[in-house]
Amino acid sequence: MCKKDTQKLVDISKSFQADAFLSVARGGLTLSHLMAQTMNQRNIFTINSISYDRKNQKDSIDIFNIPDLKSYKKVLIIDDIVDSGKTMIEIFKILNEKFPNCEFKLATLFYKKTALIKPDFYINETDMWIEFFWEVDIQMKEKI
């Protein structure tokens, strides 16, 4: 899933010609690193969001650690999945208010059709909870 899907995501999002990547922490960190390596992108930033406690969606969405993106024209936001879409709507709202001269597009590996927002670039549609290898493999080792 990950290597081939990441390459597909790189291939379809390349046309956007992003000046920078914005990784949504924590889910987008590993994916954005892989994509940045492949696309030789050195302008990589993170934004933090907390809307889930493990598999349970919280009542509130916390968004913080917003980087200064005013010198960029095109920023590719990278996350692993758009689940409900609530977090991403809030992220877009904040970014568009702070940086009105910047164009933001979203790239994810997975997207749920029931989400309130559809990524500009995505590979897989799902209706299931996805546990990514970067979440599961390490946790399994800790339990052994």
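A: Let's start with Asn65, which has a relative accessible area of 45%. Buried would need under 20% and exposed over 50%, so Asn65 comes out as partly exposed. This is a predicted model, so read everything here as computed from it. Asn65 sits in the loop that runs from strand E3 (56-64) to strand E4 (74-82). Its backbone is worth a look too: phi is positive, about 60°, even though Asn65 isn't a glycine.

You'll find Asn40 in the loop between H2 and strand E2 (44-53). With a relative accessibility of 58%, Asn40 is over the 50% mark and so counts as exposed.

The peptide bond joining Ala25 and Arg26 is cis, with omega at about 20°. Arg26 belongs to the loop that links strand E1 (20-25) to H2.

That brings us to H2 itself, residues 29-39, and its packing against H1, residues 2-13. In general, a packed pair of helices is described by the angle between the axes and the distance between them. For H1 and H2 the angle is about 60° and the axes lie 10 Å apart. At that angle, H1 counts as oblique to H2. As for the hand of the crossing, H1 and H2 cross in a right-handed way.

Who does the touching? On the H1 side the contact is made by Thr6, Gln7, Leu9, Val10 and Ser13, and on the H2 side by Leu31, Leu34, Met35, Thr38 and Met39. Sort the residues of this H1–H2 contact by type and you get six nonpolar, four polar and no charged.

Lys3 is also part of helix H1. Its relative accessible area is 75%, so Lys3 is exposed. Along the chain, Lys3 and Leu31 are 28 residues apart, while their C-alpha atoms are separated by 9.9 Å.

For a contrast, hop over to Thr126 in strand E6 (residues 121-126). Here the relative accessible area is 14%, so Thr126 is buried. Leaving out residues up to four places away in sequence, Thr126 touches Ile81, Phe110, Tyr111, Lys112 and Lys113. Take Tyr111 from that set: it is 15 residues from Thr126 in sequence, and the two C-alpha atoms are 6.2 Å apart.

Now zoom out to the whole chain. It has four helices and six strands, and along the sequence they come in the order α-β-α-β-β-β-α-β-β-α. Of its 144 residues, 44% count as buried. The chain exposes about 8,700 Å², with 48% of that supplied by carbon and sulfur atoms. And if you take the contacts with a separation of 6 or more, 66% of them are between residues 24 or more positions apart.

How values were computed. Residues are numbered from 1 along each chain as its sequence is written. This is a predicted model: local features need pLDDT of at least 70, side-chain atom pairs count only at pLDDT 80 or more; totals for chains, interfaces and linings use all residues. Side-chain values use heavy atoms; hydrogens and water are left out. Axes are lines fitted to C-alpha atoms, for helices over the stretch in contact, and angles run from 0 to 180 degrees between N-to-C directions. Helices (H or I, at least four residues) and strands (E, at least two) are DSSP runs, numbered from the N terminus. Angles under 35 degrees count as roughly parallel, over 145 as roughly antiparallel, 65 to 115 as roughly perpendicular and the rest as oblique. A crossing is left-handed if the near helix is turned anticlockwise from the far one by less than a right angle, and right-handed if clockwise. Contact means heavy atoms within 4.5 Å. Ala, Val, Leu, Ile, Met, Phe, Trp, Tyr, Cys and Pro count as nonpolar, Asp, Glu, Lys and Arg as charged, and the others, Gly among them, as polar. Buried means under 20% relative accessible area, exposed over 50%, partly exposed in between (1.4 Å probe, protein chains only). Accessible areas come from the Shrake-Rupley method with a 1.4 Å probe; for residues, only the protein chains shown count as cover.
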